[in-house]
Amino acid sequence: MRYSGLRILKEALTGHKGWKPAWRDPEPQAAYDYIIIGGGGHGLATAYYLAKEFKQKKIAVLEKGWIGGGNVGRNTTIIRSNYLLDGNEPFYEFSLKLWENLEQDFNFNAMISQRGILNLLHSDAQRDAFIRRGNAMLLNGADAEMLSTAQIKKRYPFLNTEDARFPIKGGLAQHRGGTVRHDAVAWGYARGADSRGVDIIQNCEVTGFKIENGTCTGVETTRGDILGKKVASAVAGSSSRVMAKAGMRLPMESHVLQAFVSEGLKPVLPGVVTFGAGHFYCSQSDKGGLVFGGDLDGYNSYAQRGNLPVVEDVCEGGMAIFPMLGRARLLRMWGGIMDMSMDGSPIIDRTHIDGLYFNGGWCYGGFKATPASGFAFAHLLATDTPHSTATAYRFDRFEKGMMIDEKGMGAQPNLH
Amino acid sequence: MIINHPLLGPRDAAEFTYLGDAKLIERPDWTSKTAASEFYEYQYLRDNPAGLHRELWFHEAGDRSWLVVTRDTTTHEITSVELARDVARSKGRSK
Amino acid sequence: MTQVNRLSGGQIDREKTLNFTFDGQTYLGHDGDTLASALLANGVRLMGRSFKYHRPRGVLTAGSEEPNALVELRSGAYQEPNTRATVAELFDGLEAKSQNHLGSLKYDLLAINDRFSNFLTAGFYYKTFMWPKAFWEKIYEPIIRRAAGLGSLSLLDDPDVYDKGFLHCDLLVVGSGPSGLMAALTAARSGGDVIIADEDFVLGGRLNSETFEVATQSGSDWATHAVAELASMPNVRVMARTTIIGAFDHGIFGAVERISDHQATPLDGKPRQILWRIYSKQSIVAAGAHERPIAFENNDRPGIMLASAMRSYANRWAVTADQTVVIFTNNTDGHRTANDLTAKGVSIAAVVDTRATAPTSDAFEVLAGAQIVDSKGRLGVTQAIVELADGSRRAIDCGAIGVSGGWNPNVHLTCHQRGRPTWRENIAAFVPASSLQNGMLVAGAAVGEFSTASAFRSGADQANVALQALGLKPQSVELPQTEDAPVSITPFWYVKSGTGRAWIDQQNDVTVKDIKLSHQEGFISVEHLKRYTTLGMATDQGKTSNMGGLAVMAEMTGKTIPETGTTIYRPPYTPTAIGVLAGRARGMDFHPTRLTPSHKWANEQGAVFVEVGNWMRAQWFPKAGETHWRESVDREVLATRSSVGVCDVTTLGKIDVQGADAADFLNKVYCNGFAKLAVGKTRYGLMLREDGIAMDDGTAGRLAEDHFVVTTTTANALGVYRHMEFAHQCLFPDMDVQLISTTEAWAQYAIAGPNSRNLLQKLVDDDVDISNDAFPFMACGKITVCGGLRARLFRISFSGELAYEIAVPAHYGDAMMRKIIEVGAEFDVVPYGTEALGVMRIEKGHAAGNELNGTTTAVNLGMGRMVSKKKDSIGSTLSERPGLNTADALVQVGIKPVDPKDPVPAGAHLMNADGPVDAANDQGYATSACYSPNLGHHIALGFLKDGANRKGERMRLVSPLTGIETNVEIVSAHFVDPEGDRLRA
């Protein structure tokens, strides 16, 4: 069933009886060609592209809870392609281009809004680094613009430029960056995949892998054994626990990232702003709440909640650049489980076990990658070759010394 | 969180910085024939358990000792705190 | 302007009359009123508009769970949007404005949305606004954004001051109702340290709203005496106006105390609010319970509120919403309201009880087995439409309806650590999980003990459980005599008859129909329901609506309520000002400022300062007549290279390494050799991370067999120290070595230039021989200066000139700088700042932070051979990984413009002389750049693929971001004095 304004008119006038479930609730079949573990943004996107672009059939997505209940429903909704390294930037720019057509593609309004992202800078060294990055973006076909403090102040007049401990010296802007309604992404992909025959199996937790002679033939779940010619894991922060069932240790740690929303306010913030001398970034949702966040708490956690010091740190950062924020109220805080990798960049690769594939290590940047991650993972699953933008996202890069380290922090996940 | 420092008693975790898995104490022998792969695994692969985790914390704003904390990563409950040098010695590390 | 709806009694002070305005109109109230009670007293029922449909809204509750009566309080920079009128204490001169309407509150133009409600159902926006594509951002979204949100920020800097504090206690009691007060009294008597906190400005909880006696007093009098007793005890801290916003790990709580919010302006020196971090060993959540409504068609009109709120308004605030009231209830509590209002002279037109058997009354009509099926009255309720047990309908005139659907224990704080509430059938509500983390206990209504007597009992019992856990003596307390009525409720969640809308979430306009639609479309889990309909996502976070939503969905799916689920509550308990979470760390106090020992002196010289981390460093020293920074910096560089300059380098990390194994230890942490460094010598050291990437560089000077001084870059001082302690304690615990950070202990100055030795000669004492033979390049030693002051001298050079660094104890730093300038006048000594420092090191090709960017190796830095293969050092093994040693690895080079007038900026990328300019052809990038006054043109350092073999090559340096494309030549990075002759002079 296609969604449109006309449809709404028709249904509204006939008592809304025609709306159907956005996706089916099928029983798992005994076998599939593709089993995707994880009903979050990436898993659902993978299933969608596998069915739509690569015309595959017999696909199942297995989700241990309800789809979209993990990081895709908890993030701060930012999309951008302002990465530095050649291993990353083409991928994220590919993702941004997919975002730009997504709503029409999967017929669901995800409120993709490219009102721009601005990274503030506060020192000469930071300016040099931002110039290098802005150039990398342009050389890779993305958009970037360097803004002066005066230009920035025009768009954000309430920015603190008079009484700043770390004065704003300019900023790197990506006008095509912006925000998206995160839940709608999961639902849009789910509906699109389901309508193309993908079975979305909720409340189905993978409890083990069926592996014989170095080949994976399927999974054991709380709803029975399911055979699969290709089994693909896309479970983000739960990656280590899931892949441990296949005897694998991963180059990652699971960390809590907190996020925050304020009470709904009339519009104040036109785009996304990040503070360059503290841990704070902020945007305003279409419902009026200021959505903001900062740094990791810094310790391994699966608890999906964090502690006070980060809350204070984030609000201090907010007040440092937007002193008018003081009168706004924090409404709710929550946390997700971040799959922090050893170089801050993801892995989309086969494993050493035939038929077992892996997608994870997104750190706290997985949301913007959702379309490209799904597309690239589907490409890998369907063709057994990496997508051209994802060739560097291999497991063996750590052993070989080919890390993709944007921040230059090395093998310490909590610093990425 | 509160970390019960073996010498100083309970301290707020904000006085510390976190490194990661305490297995980082078990640095491989550079003369080993398989040193390259041992160092790779040591540096990059992690158990990352959902449950009890032995991890390294540095008392940066305090006495600058490294501690091995045993903490449940699903509840954040801390069950033991030891001086890292004691753990290191117990693993046979010396000079 | 008389207070038409005032009743007798109450706990307000009629002696103190206060003026306040609402939407420009002036009213009167009394001390003790909230804005809500005062407005009701004045006959004002319409207080706001709902989020989506802009329906008229009145107050629903009498507490912080209020979803409707949200106002903009105060004006100008003090404006606070979304303030609940129910908790805003009235003060003289209070100004409030209603929110979320176009035009006036009464004639809101956006109320037209209500006409289109059929088209604006839950989730409608996901199904449309997609075409035409360009319209979303240009038209649809701006309209939606303007209509969204509730209150407005003033956009002016928050003028208030906020503080932070720390408290420690044995027991934290959250809530001061009967169970909380009894728990605190019991625990306090044992001598333990107790903190009792309540968000309200008068303690006592529901004791202030009910009319039952406690012992022989009124509930509120008993509470007053209990509070006084607690306040008199030295081991008790009583905190009113204090919301416990969150329960965090290990018994740490966040609390916000409102110091000045109830005053027109803060008293001198007082903050607006304080954020307390409370460390408690045990806690008792005595947070009471929230009443829940019953949904029926048009149940959202102003004047329709919770029955218990009506009781609070009548008994505590001496106010009624209207003189004629109807009650709608499914339990005995609704009848309490009818009785209390009757006692105050309010007319109860009827009590509509859903139960077939309901208590009767002489004072008013009770309609058993009946339901309210609709209401009338656009701007305020005028009629309740009742369906009687026999199916007939009756319209009852009234100006207010009190609804009682039962009570929900306030489990909020017990969920913060992921506790999942469990269902209790006899009260048809969730109670906290039976075992909680971190010493948290629950007492009173919060755990389903609803009668006053059982609340007292529960508080005392839990206090004794806590005392036991604390190792303190349990106390036996006499519980006062009071009512002990059992709970009698027949669950009834919403009225089914009617085709109209029945509200579940009044702020976000989520109705029973929306929940049914959500179910129809497959969003049946609690999380999907919430996100699809936005139920429970408003500023009240579903405190009066989550349960109703669960009940409707349970019915739709044919499951029980507990099978359907429960949502987890998250901090903060009530919305919390971002200002108080930030505290004093604002403006210039955002981070501490670290000043160097010569700062005062540099300031006197008119130096321009720059932030380097938390340090302030002199960037350059402008002289009179200089108008552009380049004039100053060029002059400083030329003067230093031609005579002598002095620069404060205190900020670079200094670490004292002492012990018999000091040399062996340094051999482990540096990739190059240190074991055989002679006493009295310094050596450049490169420190790798264990992954083989360059971490930091500096020097180590051997002052004695067992004593080294290690330097680090400014930025990495902390990290290197941490790393070295890790190596010592975790990897080599038996090495006899001690590490001490001495960055702040020594003031350190670089004295550089051909005349540096001559200048130094004037400072060092006579017995110190600094001739080139006695103190050659890279020498170091302990000396004395200025007649006996101990100092350390290092002949190291970042500038490439003949240079020294001299260190004296930091408290002599100011005097030392002045002395250097004084004796250096003879040589025209010039102070230079970080800019000149940077120019000179770039001229010499020395790597610094821009080059050691966390991704570069010794090979990239042109120092591949420095990594010793003959010993184990941190990073050496992994530095040999093939990916780090490819033939075309980046190598540091110098970049100079072909045309001397052209710039060669940092951040620009290197491209071949011909061919496309794109990422695929990227050859490297420029890392540091400056104008070299010595060479007369710009120069840069950078990384180039296979750079060592491309000297002399012509390339293009491009920066499309800043519109630059320059022809350049690749050269040696050592632009000035490449042979190093000056160093060894």
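Among contacts in chain B between residues at least 6 apart in sequence, what percentage join residues at least 24 apart? The share is 48%, where contact means heavy atoms within 4.5 Å. The structure is a predicted model, in which local features need pLDDT of at least 70 and side-chain atom pairs count only at pLDDT 80 or more, while totals for chains, interfaces and linings use all residues. Residues are numbered from 1 along each chain as its sequence is written, and side-chain values use heavy atoms, with hydrogens and water left out.

Chain B holds 2 helices and 6 strands, arranged from the N terminus as β-β-β-α-β-β-β-α. Helices (H or I, at least four residues) and strands (E, at least two) are DSSP runs, numbered from the N terminus. The C-alpha trace of chain B spans about 45 × 30 × 20 Å along its principal axes. Of the 95 residues in chain B, 53% are buried, that is, under 20% relative accessible area with a 1.4 Å probe, protein chains only.

Turning to the partner chain, 24 residues of chain B are in contact with 25 residues of chain A. The two chains bury about 2100 Å² between them, with carbon and sulfur atoms giving 51%; buried area is the accessible area (1.4 Å probe) that two parts lose on being put together, summed over both. Between chain B and chain A there are 2 salt bridges, each a side-chain nitrogen of Lys or Arg within 4 Å of a carboxyl oxygen of Asp or Glu. One of them pairs Asp47(B) with Arg249(A), with the closest N and O atoms 2.9 Å apart. On the chain B side, strand E3 (17-21), helix H1 (35-44) and strand E4 (52-58) each give two or more residues, and H1(B) provides the largest share, 5 residues.

Within chain A, the domain assignment, automatic or from a database, gives domain 1 (27-77 + 183-251 + 343-415) and domain 2 (114-176 + 253-341). The C-alpha centres of these two domains lie 29 Å apart, and their contact takes 18 residues from domain 1 and 21 residues from domain 2. About 1800 Å² is buried between domain 1 and domain 2, 53% of it from carbon and sulfur atoms. Arg74(A), Thr76(A) and Pro413(A) supply 34% of the area that domain 1 buries against domain 2, more than any other three residues. The count of salt bridges between domain 1 and domain 2 of chain A is 0.

Conventions:
Chains lettered and ligands numbered in written order. Buried < 20%, exposed > 50% of the residue type's maximum accessible area, 1.4 Å probe, protein only.
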